Amino acid sequence: MEQTFIMIKPDGVQRGLVGEILSRFEKKGFYLRGLKMTTVDRPFAEKHYEDLSAKPFFNGLCEYITSGAVVAMVWEGKNVVTTGRKIIGATNPSDSAPGTIRGDFAVEVGRNVIHGSDCVENAKKEIALWFPEGVATWQSSVHHWIYE
């Protein structure tokens with residue numbers, strides 16, 4: 001089983017989409033291992049997005065992510081990174097299919113509701129950054145109905 005980091009961005013929190021997003025991952029059969037609502041300061045935002053620091057939109061991205069509360073999560077399941085990205089949809093909402101989170105709820109690239117790790121390596125880094133205390137370990141009683 002692999003893990004991924006998912007963050008509901010300030011616009012998603014403000015718009016009341018937290019429950020809907022949690023539901024989509026749960027209904028898929030993924031396990032929630034960590035969850036917290038928090039606000040992010042500028043140094044933390046810069047560390048999270050350090051791989052984008054040379055991009056022209058970096059400053060705006062950091063301002064946006066620090067503009068309100070976010071919900072940080074760790075999800076676990078088979079191929080959760082790749083499948084999670086499919087549930088989320090393309091970065092640009094206009095390229096996102098209906099039925100994806102961004103396809104259903106986002107209009108602007110700069111207000112695209114949610115972040116998801118793009119590979120297992122980055123998921124590990126993001127989880128370590130956002131959940132230094134670790135995450136919960138448990139198994140659902142319906143695990144055998146989801147996984148072979």
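Me: Is the crossing of H2 and H5 left-handed or right-handed?
Reply: This is a predicted model, in which local features need pLDDT of at least 70 and side-chain atom pairs count only at pLDDT 80 or more, while totals for chains, interfaces and linings use all residues. Residues are numbered from 1 along each chain as its sequence is written, and side-chain values use heavy atoms, with hydrogens and water left out. Helices (H or I, at least four residues) and strands (E, at least two) are DSSP runs numbered from the N terminus, and a crossing is left-handed if the near helix is turned anticlockwise from the far one by less than a right angle, and right-handed if clockwise. By that convention, the crossing of H2 and H5 is right-handed.

Me: Which orientation class do H2 and H5 fall into?
Reply: The axes, lines fitted to C-alpha atoms over the stretch in contact, with angles from 0 to 180 degrees between N-to-C directions, come within 11 Å for H2 (residues 18-28) and H5 (residues 80-88) and cross at roughly 135 degrees. Angles under 35 degrees count as roughly parallel, over 145 as roughly antiparallel, 65 to 115 as roughly perpendicular and the rest as oblique. The relation of H2 to H5 is therefore oblique.

Me: What is the phi of Val-113, a residue that is not a glycine?
Reply: Val-113 lies in the loop between H6 and strand E4 (114-116), and its relative accessibility of 0% makes it buried. Its phi is positive, at about 75 degrees.

Me: What is the phi of Asn-79, a residue other than glycine?
Reply: Asn-79 is placed in the loop between strand E3 (70-77) and H5, and with 43% relative accessibility it counts as partly exposed. Its phi is positive, near 55 degrees.

Me: Which residues does Asn-112 contact, leaving aside neighbours within four places in sequence?
Reply: Asn-112 sits in the loop between H6 and E4 and is buried, with a relative accessible area of 2%. Its contacts, once those sequence neighbours are left aside, are Lys-9, Asp-11, Tyr-64, Thr-91, Pro-93, Arg-102 and Ala-106.

Me: How far apart in space are Pro-10 and Tyr-64, C-alpha to C-alpha?
Reply: Pro-10 is found in helix H1 (residues 10-14) and is buried, with a relative accessible area of 4%. Tyr-64 is among the residues that Pro-10 touches when residues up to four places away in sequence are not counted. Although 54 residues separate Pro-10 and Tyr-64 in sequence, their C-alpha to C-alpha distance is 7.5 Å.

Note on methods:
Buried means under 20% relative accessible area, exposed over 50%, partly exposed in between (1.4 Å probe, protein chains only). Contact means heavy atoms within 4.5 Å.
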